[in-house]
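User: I would like a close look at one part of this model: how one chain meets its partners. Please keep it brisk.

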Amino acid sequence: MQTLSLLALALPFLGAAAILLLGRLPNPRDIMMIAVSIGTAACVIALLFLYEDGKTHAWTLFALLPNLDVAWHLEPLGLLFAALASALWVITGLYAIGYMRANNEKKQPRFFACFSIAIGSAIGVAFAANLLTLFIFYEILTLSTYPLVSHRETKEAKRGGRYYLAYLLGTSFLFLLPAIIWTWRRAGTLDFVEGGILPGSMGGMEAALLLALYVYGIGKAALMPLHRWLPEAMVAPTPVSALLHAVAVVKAGVFAVLKVGIYIFGAAFLSEKGASEWLIWLACFSILAASLIALTKTNLKARLAYSTVSQLAYVILAMALATPAAMVAGALHMASHALAKVSLFMCAGAIHTASHKDEIPDMAGLGRAMPLTFSAFTLGALSIIGLPPFIGMWSKWRLGEAALSSGQSWGAWAALATLLLSSLLNLLYLLTIPARAFLSGAEKRVAMREAPFLCLLPPCLTALACFAMVFLIEPLGDFLAPLAREPR
Amino acid sequence: MMRRLVQKLAFLEKNPRRVFRALAALGGALLALDALLWIAGVYKNIPVWHGLYGFVMCVALVLGAKAMRHIVRRREDYYAPRATDSEEERQP
Amino acid sequence: MIPLIAPGWLLLGGACLIPFIPKGAARTSFMLALPLFGMGLLWLIPDGSLAASFGGYAITPFRMDGLARIFCLIFLIATFLSALYAWHLRDSFQHVSAFIYAGAALSALTAGDLLTLFVFWELVSLGSVGLIWARRGEGAWHTGLRYLIWQMASGLLLLGGALFFFRETGSLAFDAMTLQSPSAWLIFLAFGIKAGFPLLHNWIQDAYPAGTITGTVFLSCFTTKLAIYALARGFPATEALIYIGVIMTIFPIFYAVIENDLRRVLSYSLNNQLGFMVVGIGIGTPLAINGAVAHAFCHIIYKSLLFMSVGAVMYRVGTAKATELGGLYRSMPLTMIFCVIAAASISAFPLFSGFISKSPILSESLGGGYWVVWFLLLFASAGVFHHSGIKIPYFTFFAHDSGRRVREAPMHMLLAMGIAAFLCVAIGVYPQALYAMLPFPMGDYTAYDAAHVIGQLELLIFSALAFGFLMLSGLYPPEVRGVNLDWDWVYRRVLRRAFERIGGSVLVLGDKVWGYVLGVWGVVYSVLARFYGPGGLMGPSRAAGSMALWTAILLSLALLFAYS
């Protein structure tokens with residue numbers, strides 16, 4: 001298992017090198033990338049099956065300081081995130097090939113190499129055994145995605161890239177690093193331990209302050225008001241948006257938040273001290289405010305970006321509820337949102353590729369020309385809204401259930417009301433897009449004009465996965481159950 | 001058969017007072033029957049009450065609604081373009 | 001234990017197949033066969049329930065008992081009639097929407113737990129909105145959106161209620177509840193939206209007149225009656241329902257009198273009829289619940305018949321506005337006859353279906369000592385006759401001659417209306433058949449005793465006299481074009497305006513703040529660029545400059561950890 005997990009970590013980095021070597025030969029290069037992505041996904045999924053609860057799976061790469069190693073370990077949450085990132089890499093990789101070729105984008109070797117590194121570092125974040133390792137991979141992820149964001153090298157792209165870098169680096173150095181040091185001073189270790197390492201070492205006020213440093217230090221989680229980088233980074237080519245804003249980057253953010261909540265603070269400690277109560281309200285605000293802003297956006301990608309901001313806050317809300325059940329619900333929502341949102345982004349890209357339309361009002365009536373794309377979009381949207389029978393409904397259901405059993409009084413009501421209200425808002429800003437696309441301008445007969453096959457198949461696959469995942473809900477719940485265990 | 005029906009109705013349409021008188025006669029007969037049954041002790045309902053109540057309340061309903069209309073009525077395109085009220089009704 | 005597929009699931013499965021069957025006779029036959037086949041299934045399926053587990057919850061995806069069975073039967077009949085009425089339609093979107101809608105409604109009837117109920121409850125909303133959007137055009141789009149928001153709000157309240165319920169009881173079983181916990185209140189409100197409770201009712205009058213001709217026939221059958229079923233299942237004998245129901249019967253009739261759009265008149269009247277059923281459920285004695293259920297059964301037939309006849313006129317003439325119609329008995333005599341039969345049924349004339357279903361509710365309100373309720377219900381009955389019984393047929397087929405000469409309704413519409421009209425009369429003449437299917441035994445109850453018949457006839461004849469008197473004396477308010485403000489004015493106009501103003505200024509403010517942030521960042525960036533950028537203090541090139549920055553940061557990091 002050690003080799004397998006090291007392989008899963010190293011493969012994307014090796015793949016990046018290989019891509020750069022094969023840079024001038026598009027076909028071998030792209031085949032190479034797909035092969036590497038499939039290999040990585042296979043490794044992670046094998047780990048998923050080999051993983052046994054109760055055993056420790058932890059290894060050290062090298063020691064940095066006494067008591068402080070660069071090390072990795074396996075646990076359900078990390079495995080889930082790694083599986084998501086690597087499996088969706090295969091799909092977004094295929095999509096990226098189709099998209100980049102159809103749109104004649106330049107500098108594809110650099111693009112795909114950075115893509116691979118980003119996935120590798122996401123897996124690194126997923127497997128990190130302590131805060132320091134997590135921090136290192138987190139920063140590599142930021143740096144490797146910067147060239148992707150400003151890939152087009154236009155003035156606008158560079159500007160978006162600058163905000164991206166400034167926000168993510170700024171927050172991590174201003175808040176996350178001090179938080180890590182603070183934790184180190186208090187607990188004497190940075191390891192992720194079941195039940196947390198902080199209990200007993202600080203009071204409620206201090207814990208709340210530290211939590212604030214973490215939540216805002218992990219800028220990738222895009223909690224309001226530090227969310228503006230996300231819509232600004234939308235200048236990137238769509239596959240990047242799909243990868244960054246649905247899978248690797250933002251999910252690394254909320255994953256880190258969950259990880260800190262579970263393994264640094266510990267759910268019991270947080271709820272006992274009431275250190276995360278304030279965060280419930282902030283997360284609720286973030287959910288609703290981002291949804292409202294999304295309503296006002298007419299650019300499809302910008303709307304999806306704000307939708308992401310809103311959905312990420314769900315996971316933060318789960319963490320703030322600070323019960324084991326809520327943490328599981330948060331992990332589930334992370335997965336369900338990744339699947340649905342990646343479909344939506346890929347559909348947006350397919351629309352752009354086939355019709356060069358980015359503004360939502362222009363898309364009215366387009367559903368007749370692109371029925372498959374818009375059907376996939378509809379499924380993804382329904383899942384995000386939380387309608388049956390899609391996976392999104394289940395994560396919302398679990399989250400609602402967790403909110404009610406969290407022991408919070410007003411917080412539980414607020415959380416539940418927010419969940420319900422935001423479903424309505426999601427409906428307004430998401431479902432209206434395909435509905436108008438299908439229903440407007442019906443008098444005219446239009447010829448089918450879908451995007452190229454490689455741009456079309458991936459979103460259809462992920463949209464169907466939103467439905468298929470429903471049947472995995474029980475095994476998934478069992479797999480994540482250790483997160484809900486009381487600390488030993 | 002249908003043609004004869006239409007002719008009959010056309011005749012009635014031209015003589016609305018005839019219809020009204022026929023109805024009034026029917027109503028009178030019902031009232032009488034109601035009172036008779038009550039006197040004969042077939043049932044204990046208050047006699048004649050349904051008829052009077054129906055008449056009075058219906059007049060009140062219409063006059064009340066008429067008064068209400070002064071307050072609530074607006075032009076047909078009041079909610080346009082977000083309503084179908086003033087749209088041309090073209091349907092397959 | 002149930003080897004057969006539930007009728008609702010059959011319809012849902014069929015809905016998925018519809019697009020693959022060529023348009024025309026093949027498809028329409030298929031759509032007609034589905035509900036017929038469903039009736040066969042319904043006949044074969046015994047009472048009982050199916051237990052299952054999903055996602056770690058014990059659920060009951062299927063349950064059949066007396067209450068569910070009679071609702072299933074009428075929903076299947078309504079699906080058949082509405083599909084027959086829509087024989088001419090060649091619109092796949094409407095076909096699929098309609099059958100998803102009907103199938104989901106049927107599946108919701110047989111849901112034995114709140115989770116399954118929620119799933120189909122939402123599917124009902126999604127399917128039904130298609131029948132409004134299918135009209136196409138700007139107005140239908142916005143109306144459909146408003147409709148969908150209301151329906152979703154209902155679904156979400158149900159979701160919240162189910163979550164609370166699970167938290168309180170540890171189970172999700174959907175059975176009778178009492179209004180004492182947050183869960184019950186949330187679920188009550190969820191049902192209340194779909195049942196058109198006062199102030200939660202506007203979506204009915206807003207959306208139904210905006211649906212397609214055939215779509216509105218479907219719409220009038222399922223959503224609200226599903227809510228009635230849910231109330232009968234979840235909140236029998238809840239006293240609040242009596243008063244809510246009475247208000248529901250009263251206020252719509254005022255609007256119905258002055259409304260010009262005949263399909264909206266019917267929507268207000270629908271709301272009023274729901275009130276009778278809600279009162280019956282609220283009284284909660286076996287006879288009253290039977291009355292409510294029977295009334296729902298008859299109501300679906302005669303109300304869809306009314307919508308069909310007005311729809312047929314719309315199909316031929318192109319409008320359903322009273323001001324534009326009149327004198328059509330010359331052109332469409334058969335449609336007129338069917339409309340009059342439906343009108344007689346809804347007005348509860350003896351020998352028509354409405355009479356035998358409304359009587360139990362009225363007698364139970366009197367028997368239970370609810371005198372005021374009884375008075376008001378009587379008033380509402382007179383009002384029903386006034387606007388549905390007289391106004392609809394009178395302004396469509398008689399009144400002043402609009403001069404329009406059109407063809408009689410197409411054959412399939414006449415057939416659908418004919419069957420519905422036959423049922424209206426058959427049930428009225430031979431109510432025992434319906435009474436035998438009701439969830440509770442009816443004993444030797446009969447609506448046909450002298451007191452009932454004479455009282456009801458008197459009420460109706462004198463209401464007609466009142467109408468005649470007002471018409472002849474010119475006091476009757478003339479039909480005029482226009483819209484009437486209802487409670488929905490508050491959110492369609494007032495709140496909308498307020499939201500636009502406030503939202504706009506908040507956005508402007510947000511952009512201003514963001515502008516400041518950008519300004520500050522610009523300054524910081526230029527300072528940094530001066531130090532680290534090309535030709536800057538710290539590096540000859542950008543790459544080298546950022547390298548230097550990073551080295552510095554990492555070094556200080558290492559130092560911090562080493563000495564802390």
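How many residues does the contact take from chain C and how many from chain B?

Analyst: This is a predicted model. The contact takes 51 residues from chain C and 50 residues from chain B. On the side of chain C that touches chain B, five elements of chain C give two or more residues: α6 (138–169), α10 (239–258), α15 (371–397), α18 (450–473) and β3 (483–484). Of these, α18(C) gives the most, with 17 residues. By class, this side of chain C has 31 nonpolar, 14 polar and 6 charged residues.

Strands take part too. β3(C) pairs with strand β1 (residues 73–74) of chain B. The sense is antiparallel, over 2 bridges. Within β3(C), V483(C) stands opposite R74(B).

Now the wider arrangement. There are 2 pairs of chains in contact, and chains B and C share the most contacts. Chain A and chain B are joined by no contact. Their closest C-alpha atoms lie 12 Å apart.

Chain C also touches chain A. That contact takes 26 residues from chain C and 28 residues from chain A. On the side of chain C that touches chain A, at least two residues each come from α5 (114–133), α6, α19 (489–532) and α20 (542–563) of chain C. Here α6(C) gives the most, with 11 residues. The residues of this side divide into 19 nonpolar, 4 polar and 3 charged.

One residue of α6 of chain C deserves a look: W141(C). W141(C) counts as buried because it has 22 C-beta neighbours inside 10 Å, and the cut-off for buried is 20 or more. S125(C) is 16 residues from W141(C) along the chain, and their C-alpha atoms are separated by 15 Å.

Next, the loop between α17 (432–437) and α18 of chain C. F440(C) is found there. F440(C) has 15 other C-beta atoms within 10 Å, so it is partly exposed. That count falls between the limits of 12 or fewer for exposed and 20 or more for buried. Leaving aside neighbours within four places in sequence, F440(C) is in contact with P286(C), I289(C) and N290(C). F440(C) and P286(C) are 154 residues apart in sequence. In space, their C-alpha atoms are 6.0 Å apart.

Key
Residues are numbered from 1 along each chain as its sequence is written. Chains are lettered from A and ligands numbered from 1 in the order in which they are written. This is a predicted model: local features need pLDDT of at least 70, side-chain atom pairs count only at pLDDT 80 or more; totals for chains, interfaces and linings use all residues. Two residues are in contact if their C-beta atoms, placed from the backbone, lie within 7 Å. Helices (H or I, at least four residues) and strands (E, at least two) are DSSP runs, numbered from the N terminus. Ala, Val, Leu, Ile, Met, Phe, Trp, Tyr, Cys and Pro count as nonpolar, Asp, Glu, Lys and Arg as charged, and the others, Gly among them, as polar. Two strands pair if DSSP finds at least two bridges between them.
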